[in-house]
Amino acid sequence: MDLACVDTLYSPVEAEIMRSRLESAGIPAILFDAGIASLIGPGVSGIRLMVDEDDLDLARTELARPF
């Protein structure tokens, strides 16, 4: 499984919300660098929202939809 970055977020809360949105739509998602971002502080280090490369277009479409 090759992973692709859907987005880079700078708020741990926003990153978790976006990951949850994808998961609830049936798209498995992982947050990379969330641990270091929480140590450094919000807004300094980005948190990468990752999905399977095959799900990238579907994930972008899902996240583009309004809440």
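Author: Helices (H or I, at least four residues) and strands (E, at least two) are DSSP runs, numbered from the N terminus. The model is predicted: local features need pLDDT of at least 70, side-chain atom pairs count only at pLDDT 80 or more, and totals for chains, interfaces and linings use all residues. Residues are numbered from 1 along each chain as its sequence is written; side-chain values use heavy atoms, without hydrogens and water.

Reader: What pattern does the protein follow along the sequence?

Author: The order is β-α-β-α-β-α, from three helices and three strands.

Reader: Which residue follows α1, and what is its phi?

Author: Gly26 does, with a positive phi near 85°.

Reader: How does the reach of α1 compare with the expected span?

Author: The expected span is 1.5 Å times one less than the number of residues. With 13 residues, α1 reaches 18 Å from first C-alpha to last, close to the expected 18 Å.

Reader: Which residues of α1 are called buried?

Author: Ala15, Met18, Arg21 and Leu22, each under 20% relative accessible area (1.4 Å probe, protein chains only). They lie on the same side of α1 because their arc, taken from the directions from the helix axis to the C-beta atoms, is only 125°. On the other side, Val13 and Ser24 are exposed, that is, over 50%. The cover over the buried residues of α1 includes β1, β2 (29-32), β3 and α3.

Reader: Which residues does Leu63 touch beyond four places in sequence?

Author: Val6, Met18, Arg21, Leu22 and Leu49, where contact means heavy atoms within 4.5 Å. Among contacts between residues at least 6 apart in sequence, 67% join residues at least 24 apart.
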